[in-house]
Amino acid sequence: MEMRALQVFLSVADTLNFSRSSEVLHMSVSAVSRTVQRLEDEVGQTLLERNKRSVSLTREGMSFREYARQAIADWHQVKRQLARDHALAGEISLFCSVTASYRVLSPVLEAFRVTHPAVEIMLHTGDQADGISRVLEGRDDFAVSSLPEQLPDRLSFLPLRKSPVKLCIPRADCAVRAQFTGSNPSFAEFDWSAVPFIIPERGVTNDMVNQWFLAQGFRPQIYAQVAGHEAIVAMVSLGLGVGIAPELVVAASGMVDRVEFVDAAVPLPEISIGLGCLTQRLSNPLVKSLWDVAEQTYRAAV
């Protein structure tokens, strides 16, 4: 039974979504499906129930998931024991948004591969609002996340960079843009209550936005609450509303020429973006090594 097949199965068991796993694993959806099917044929049991709307683990699939996790852990332990030198070897699991993977994490991983080439990186992507909870649940060693207002006691956070949070409007002529014609949103008298907002549905930025609404003293008109900052920028570019998202995400979205930043009388604060990790996991040499490389990489950039 191949380790790669077990890793593919675990990814699908985690996401319950073949398309999402194909993106994370850099495989086609059909290749992911075939791998799971071959594994089911080898085991002789149906591990995943799938239909057009959903994917779920069978009872056998739940049992096999525990076996797969242990088998992969044992395999990496054997590889470490058989290593001919004392170089670090094993696997580190990271979770981040797509934007963070190349705007925040990329220089860290480039430096880490040079110093620890035998360590394998398992990268999972998704809504950054899920990062802290995934680390607390032990599903990932690290998450690239915004610093929450109240950091959980069990969590350590390494700040890497900061980004202002911006209000952005469509550049194209539309009903939303027309609301700003002939008026200055930076004036205290500007009527924000008539503006349709597109905001994050949860996470640090959602909390910040709600506090900003409260400070402005108006009841917002929410057009949509969406998962992931990238989707906010896309919806703004289509003229659907005024978005609130980190400047870093807007700049990396590929749609920066289709949106425009505006200021408000009460500015939005900036967010601190960094690595979150369970404090007790930092006693693990693999985990601590990535933490140290990240700290050194960004310290050198300052």
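Modeller: This is a predicted model. Phe197 has 0% relative accessibility, so Phe197 counts as buried, the cut-off being under 20%.

Colleague: And Phe213, buried or exposed?

Modeller: Phe213 counts as buried, because its relative accessibility is 4%.

Colleague: How many aromatic pairs are there?

Modeller: The count comes to 13 aromatic pairs. One of them is Phe9 with Phe64: the ring centres are 5.2 Å apart and the planes stand at 75°, so this pair is edge-to-face.

Colleague: Which helices do Phe9 and Phe64 lie in?

Modeller: Phe9 belongs to helix α1 (residues 3-15) and Phe64 to helix α4 (residues 59-82), so their contact ties together parts that are 55 residues apart in sequence. Phe9 and Phe64 are both buried.

Colleague: What is the geometry of Phe197 and Phe213?

Modeller: Their planes are at 65° and their ring centres 5.1 Å apart, so Phe197 and Phe213 are edge-to-face. The pair joins distant parts of the chain, with Phe197 in strand β7 (residues 196-200) and Phe213 in helix α9 (residues 204-216), 16 residues apart.

Colleague: Which residues form the aromatic cluster?

Modeller: Phe180, Phe190, Trp192, Phe197, Trp212, Phe213 and Phe218 form one cluster.

Colleague: Turning to charges, where does Lys166 lie?

Modeller: Lys166 is placed over the face of Phe261, 5.6 Å from the ring centre.

Colleague: Lastly, which residues of helix α10 are buried?

Modeller: In α10 (residues 229-237), the buried residues are His229, Ile232, Val233, Met235, Val236 and Ser237. Just after α10, Gly239 adopts a positive phi of about 80°.

Methods: Residues are numbered from 1 along each chain as its sequence is written. This is a predicted model: local features need pLDDT of at least 70, side-chain atom pairs count only at pLDDT 80 or more; totals for chains, interfaces and linings use all residues. Side-chain values use heavy atoms; hydrogens and water are left out. Buried means under 20% relative accessible area, exposed over 50%, partly exposed in between (1.4 Å probe, protein chains only). Helices (H or I, at least four residues) and strands (E, at least two) are DSSP runs, numbered from the N terminus. Rings of Phe, Tyr and Trp (its six-membered ring) pair if their centres lie within 6.5 Å; planes under 30 degrees apart count as stacked, over 60 as edge-to-face and the rest as tilted. A charge sits over a ring if NZ of Lys or CZ of Arg is within 6 Å of the ring centre and within 35 degrees of the ring normal.
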